[in-house]
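The sequence and coordinates are shown first.

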Amino acid sequence: MSSLNLKNIYKVYSSGVIAVTDFNLDIEDKEFIVLVGPSGCGKSTTLRMIAGLEEISAGELYIDGVLVNNRAPKDRDIAMVFQNYALYPHMTVYDNMAFGLKLRKLPKAQIDQRVKEAARILGIEMYLSRKPKALSGGQRQRVALGRAIVREPKVFLLDEPLSNLDAKLRSQMRTEITKLHNRLATTFIYVTHDQIEAMTMGTRIVVMKDGFIQQVDSPINLYDYPINQFVAGFIGSPQMNFFTGKLIGTKNKVCVQIGEEKVELPKEKASLIVNLDKYLNTDREIIFGVRPEDISDEASDIKSNEKGCIEVFVDVVEALGSETLLYCKTKELVKANEGKESIVDDINNLIAKVDARSETKAGAFAKISIDLNHCQLFDKVTEVTILARDEENKAKIEELQAKREEEEAEKARKAAEKLAEEEAKAQALLEKQRAKQAKKLAKLQKSEQTTVEETTVEEVAEETSSEE
Ligand code: ADP
């Protein structure tokens, strides 16, 4: 048994950086949890707090129901694997793996049995007498994993363990770690910035940004039901295409207007829009999101999906063998880009991942079909989804929207306050400068007058003396 409960966890570094804010997560026994997000979002800090390598500023951490905030790392029954393997260079693989157990004074026979068993699982039995420098990167990382396995911990913590490996080895090690998790049947918490690692390995994924959890979900739910624009853009490659638009039409015929184009949402999809009245035929803008793989250029799709087709200009066609990528521009962007000479400024705003044998040619307009059953809609201001998963989920989305709207209003209020404060400060400074200048001028005028008077006295005196 090894469950973890993180309750309202915060990390504020002594420098004042708030690295993690109100982190709440219950991790069940044997789960493979992945913390994912861009660099600096607080993943490693969270992992290090679980390991006990970093103090928890506020909140509670329970392992198997026991509060461990103040427990030393060695007493938490966890093992951590880092990106830079951190093997002892002067020790053999065997000794590297046995070292921690020797420190714990385990009987020799037990150490030997555990090291050999771990080596067998990891397929490194034949390297046990080698030193780390005689191993490849992948083999070294296996030794680092072995060192963690022999401790038979309750929880494995892995901090970007594959980042130092090349792409091929990384994908191989990915499957090895998944197999290892299945074999050991222990709780794994894995940190990565790589969404592919997260999607392929995690049973549940925690997406983080700026120290805040954005969404905790299974890989497929993150992909199908991203809670906000950030998650939608972070999961999936190439990234989801986003367009600013508006909802127009009637309750029974909801259309998305994007520039000059209009597509009609399937009825079932439209019925899942939360607070439709707020958006339908109003000024409130939405973000329309569509994944590259939900776009098709095949004639049969275009024919059967008339209401979901738009025309785009195809700039570049990249045939990758297994698929083809089309780099396109919407008509609006074509107009906006007219006359731009540099290829850097000449951007694309739509990528389509189409069939490998696509016949679409670059340099011309083409009709494409969008699978609107899988499109996403976000509020432009809050960036939160306005599409519920189902009827029951509507209230939750509504609540989140309201919360984010409040936050946005508070942000705007604070920004306005700050601006007013700055303006007042600038005004006060200006007045102070003016007063100072006026004072200086008055002083100058006074001194000029005195000089004139003094000169006159001097001149008179001189004249008088010369007369004498
Ligand atoms: P990630 O693992 O997602 O890249 P980290 O957890 O390492 O992010 O860092 C989160 C934030 O905390 C960043 O802004 C980082 O600069 C800051 N940070 C990390 N470690 C320290 C530290 N020891 N002292 C001060 N700030 C730190």
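## Ligand shell

Helix H1 (residues 43-51) supplies three residues to the shell around the ligand, the largest share. The model is a predicted one. The residues around the ligand are Tyr13, Ser15, Val17, Ala19, Pro38, Ser39, Gly40, Cys41, Gly42, Lys43, Ser44 and Thr45.

## Polar contacts and cover

On the nitrogen side, a polar side-chain atom of Tyr13 lies 3.4 Å from a nitrogen atom of the ligand. On its own the ligand has 570 Å² of accessible area, of which the protein covers 60%.

## Helix H3

Helix H3 spans residues 108-122, 15 residues in total. The distance from its first C-alpha to its last is 21 Å, close to the 21 Å expected at 1.5 Å a residue. After H3 comes Gly123, which has a positive phi, near 70 degrees.

Ile111, Arg114, Val115, Ala118, Ala119 and Leu122 are the buried residues of H3. Seen down the axis of H3, these buried residues fall within an arc of 130 degrees, so they line one face of the helix. In general, an α-helix has 3.6 residues a turn, so residues three or four places apart point the same way.

The cover over the buried residues of H3 includes helix H2 (93-103), helix H4 (137-149) and helix H5 (167-184). The exposed residues Ala109 and Gln113 sit on the face of H3 turned away from its buried side.

Terms used
Residues are numbered from 1 along each chain as its sequence is written. This is a predicted model: local features need pLDDT of at least 70, side-chain atom pairs count only at pLDDT 80 or more; totals for chains, interfaces and linings use all residues. Side-chain values use heavy atoms; hydrogens and water are left out. Helices (H or I, at least four residues) and strands (E, at least two) are DSSP runs, numbered from the N terminus. The expected span of a helix is 1.5 Å times one less than its number of residues. Buried means under 20% relative accessible area, exposed over 50%, partly exposed in between (1.4 Å probe, protein chains only). The arc is that of the directions from the helix axis to the C-beta atoms. Contact means heavy atoms within 4.5 Å. A residue is near a molecule or strand if one of its heavy atoms lies within 4 Å of it. A polar contact is a pair of N or O atoms within 3.5 Å; within protein, one must be able to donate a hydrogen and the other to accept it, and residues adjacent in sequence count only if both atoms are side-chain atoms. Accessible areas come from the Shrake-Rupley method with a 1.4 Å probe; for residues, only the protein chains shown count as cover.
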